[in-house]
Amino acid sequence: METVVSGIRSTGKLHLGNYFGAISNFLKMQRENDCYFFIADYHALTTHPHPDDLHGNIKQVLAEYLACGIDPEVATVFIQSDVPEVSELYLLLNMIAYVGELERTASFKDKIRLQPQNVNAGLLTYPVLMAADIIIHKANKVPVGKDQEQHLEMTRHIARRFNTMYGVNYFPEPDAYNFGKQLLKIPGLDGSGKMGKSEGNGVFLSDTPKEIRQKVMRAVTDAGPTSPGEEPGEAVKNLFLLMSVVSEPETLKFFKEKHASCEIRYGDMKKQLAEDIITVTDPIRARINELLADNGYLAKVVAQGAEKARASASKTVREVREIIGYKPF
Ligand code: TYM
């Protein structure tokens, strides 16, 4: 049995990238392993959400998470800020994380570019908080998308450094995980780059069928292949990749063959893609709305989750304090 931790920031609605990059992987593991699934609402503060929005964002992401099929009776589902032990471990780990390595993280460099007016210290130490999230439960598997690979590498460095510095074999070195397959980067509909929450290129799990059809029909393609066997361009490759996660293998094969023989009609392909996305998201969307209306249930889930997560987290923090050398008088 493995210990599995996965998280998601409470900054906006969940999209197909979150679902196929991380959540669907987690769903496959939740029954056989000791699983923790949480909402990273401390991490969300790096972008300074308005206090009026913070709670609503957390609630939305929680409902969406659960609607995907995460079962709070088997997995521990909790809110990061309900487990204050994580902030103590974060503080302790900050003492062994080096500024140089943090400054070199791709996500930090991106943020400097995207929000030059708000380069706060929390952005720099974002990977340390993420390492604390993971190793506080001594996880060995972390189902995430490709964009989190570097953060996981940093988590392993920090875990290893702690063990070496204190001469212990305490923290496991966790792996980014996707069932022996490559980590996924789900592309957006704009022809380049990954699907994101704020890039305007995403299909959200809560989108209506009408919105999905409109978005997919507007997806970027190209003028079409001009000679048989021609490689699809980036935008069309992206649509094939989306098709590979939502459609039946025969459907993907059919359209790939049509492309290879220059008979493809992108309109037909997009119609099919939209319907196959709707098949995946429709039951989730219905469930999101039910859950959002059931505050009592959501409150129960996170209270129970916080209790279980705190039991595991406080044991680790107690042991870490001892290893570091804190002793009672
Ligand atoms: P976040 O909230 O950006 O994304 C949540 C999960 O969704 C995956 N993901 C994608 N996968 C494939 N293709 C995409 N286009 C795509 N977009 C998002 C992410 O890889 C991630 O797995 N730092 C994390 C949150 C976090 C965390 C953790 C995750 C905090 N602590 C501990 C795991 C363990 C983040 O911002 O994810």
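**Aromatic pairs and the domain interface**

Nine aromatic pairs are found in a search of the whole structure (ring centres of Phe, Tyr or Trp, the last by its six-membered ring, within 6.5 Å; planes under 30 degrees apart are stacked, over 60 edge-to-face, the rest tilted). The model is predicted: local features need pLDDT of at least 70 and side-chain atom pairs count only at pLDDT 80 or more, while totals for chains, interfaces and linings use all residues. Numbering starts from 1 along each chain as its sequence is written, and side-chain values use heavy atoms, without hydrogens and water.

**View 1. Tyr19 and Phe20 form an edge-to-face pair.** Their ring centres are 4.9 Å apart, with 85 degrees between the planes. Tyr19 is buried at a relative accessible area of 12%, and Phe20 is buried at 12% (buried, under 20%; exposed, over 50%; partly exposed, in between; 1.4 Å probe, protein chains only).

**View 2. Tyr177 and Phe179 form a tilted pair.** The centres lie 5.2 Å apart and the planes make 55 degrees. Phe179 is partly exposed, with a relative accessible area of 32%.

**View 3. One aromatic cluster is formed by Phe162, Tyr166, Tyr170 and Phe171.**

**View 4. Domain 1 (3-184 + 294-324) and domain 2 (209-289).** The bounds come from an automatic or database domain assignment. The area buried between the two domains is about 770 Å², 86% of it from carbon and sulfur atoms (accessible area, 1.4 Å probe, lost on putting two parts together, summed over both). On the domain 1 side, Leu16, Phe20 and Ala67 lose the most area to domain 2, together 59% of what that side buries.
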